[in-house]
Amino acid sequence: EDASEEVTGSEEEVDIPPEVQDLFDTLRGEALRRLDEFGPIHLFSLCWAYSTARLLDDDLQRRITGAALRLGEARDRGEQLPGMGPSRRPGGKGRGGGGGGRGGHSGAREAEAREDLEVSPPMQPLGGGLAANGESAAEPRQPSEATSEVRRWHTDPFVMAEGEHWMAIFKPPHWQVTVDSKEAAKAAERAAATAPFQDEEEEGDGEDEPAVGEQTNKLLLHAWIREHLASRYPVCLDPIEAFGLLHRLDAQTSGVLMCAKSYVGAYWLRLQWCSYLVDKEYVSLVHGWVGRDVREIHKRIRIDKKKAPNSRRTISTICSVGANGKPSFTEVCTLAHLTRPAMGQAERYTLVALKLHTGRTHQIRVHMQSIGHPLVCDSKYAEDRHAADQTWCPRNFLHTYHLGFNDVPARTGEQEVIDGRPVDVLCPLPEDLRGVLSQLRPVDEASAGPF
């Protein structure tokens, strides 16, 4: 478990065959002619397909965005879209919005100063989040009360930052994000009920979820949203839009979770996810010392799901690295090499920051295990170490400390969309994980700085 392993599985970018390029060109023309007939899910799929193929040009993105925002504005006014029910409006008015993008494909963010909620260069908000006094190393332009709220251990979610069309919710560990818009749409057709979250393109658990209509004592984030936020934001009453939730996290993972306040916000942010323009960064503690030369992991991940008998409900999900899996890319930054006193030789650990460029189920956990550095207290992918880890770490050590995206901008006309300002939401470690780190010691000066 030294720093000598080499990350393998890197994949070269493959040129698109001419016949496939011709097909995309033909589909592009037909889609643009019928764009006003598309519903939100069709626009998201179109954006995702061309982004994944690296064929999403500025004009196509602008027109898709414009169409999606017009639909969002109509929903916020309470209008019914074809094939969809009318928006519920318990109070509060619909909101307008705009479109655009965070800029560029999945590269690192520029380190310029911006008018963000909190300003930070790439891969560096973490150091501030772990500072001894809990304050961010980068001085925030708009100081957030959420920093002190997170430092005081919370068992309930709360809104830690917000804009006109979105809010960033602190998700405590053990709360489940179990709603998926595709499954919710099917459930709505059957019984207007909430359906389980089954999207394999996200990093959530996808297991032990309640069946449709099943009563559960588990901590469900969408239930908290409906109770505390739906009276002000109609989208938070809509199961087809996942009650405003825009992505998911493993049940044990803490950190930033995005939720829409309006349909404009929901559609705008979903398009950014489909275009790979959202920055998602995590902090984790892993076994062994990860070499500082390990920067990227390119390994395909396959997902195997076990279903309940005579049901489509997933009861277990296990992922692994394999040639028949989906392309997956995780960026790694070693922050500190640490030791923990133990009987005999001191145990070795590494504090790492990780940036997802794809969003496969359990991606971070599987990728780190694949290079010999499983997460501390991971019962699924480090089962042989879990019992020992539990004696000093209360849960899987994984925390979402940064989400970056472009805010919903103002529009200056029916077609024109102006880019929104970049927003970076930072979330320091909660108290339970800080307590874990207090038991460790940095091994050198380079590790002592960020630690």
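**Confidence, cores and charged pairs in a predicted model**

The chain has a mean pLDDT of 78, and 69% of its residues reach 70 or more; pLDDT is the predictor's confidence in each residue, from 0 to 100. Over residues 1-6 the pLDDT is below 50, and this stretch has 18 contacts in the model beyond near neighbours in sequence. A contact means heavy atoms within 4.5 Å. Residues 190-215 also stay under 50, with 107 contacts beyond four places in sequence.

This is a predicted model, in which local features need pLDDT of at least 70 and side-chain atom pairs count only at pLDDT 80 or more, while totals for chains, interfaces and linings use all residues. Residues are numbered from 1 along each chain as its sequence is written, and side-chain values use heavy atoms, with hydrogens and water left out.

In soluble globular proteins, nonpolar side chains tend to be buried together. A nonpolar core here is a set of buried Ala, Val, Leu, Ile, Met, Phe, Trp, Tyr and Cys residues joined through side-chain atoms within 4.5 Å. Buried means under 20% relative accessible area, exposed over 50%, and partly exposed in between (1.4 Å probe, protein chains only). The largest core has 76 residues, and W166, C236, M258, M368 and V425 have the most contacts inside it. Helix α8 (residues 263-274) gives this core its largest share, nine residues. Helices are DSSP runs of H or I with at least four residues, numbered from the N terminus. A second, separate core has 19 residues, including A336, F397, Y401 and L440.

C236 is worth a look. Its relative accessibility is 0%, so C236 counts as buried. Among the residues that C236 touches are M167, F243 and C259. For C236, the nearest cysteine sulfur is that of C259, 4.1 Å away.

Charged side chains come next. The whole structure has 17 salt bridges, each a side-chain nitrogen of Lys or Arg within 4 Å of a carboxyl oxygen of Asp or Glu. R70 and D36 form one, at 3.5 Å from N to O. R70 lies in helix α3 (residues 58-76) and D36 in the loop between α1 (18-33) and α2 (40-52), 34 residues apart. D36 is exposed because its relative accessible area is 68%.

D59 and R63 form another salt bridge, with their closest N and O atoms 3.9 Å apart. These two residues are four apart in helix α3, so about one helical turn separates them.

Technical notes:
A disulfide is a pair of cysteine sulfur atoms within 2.5 Å.
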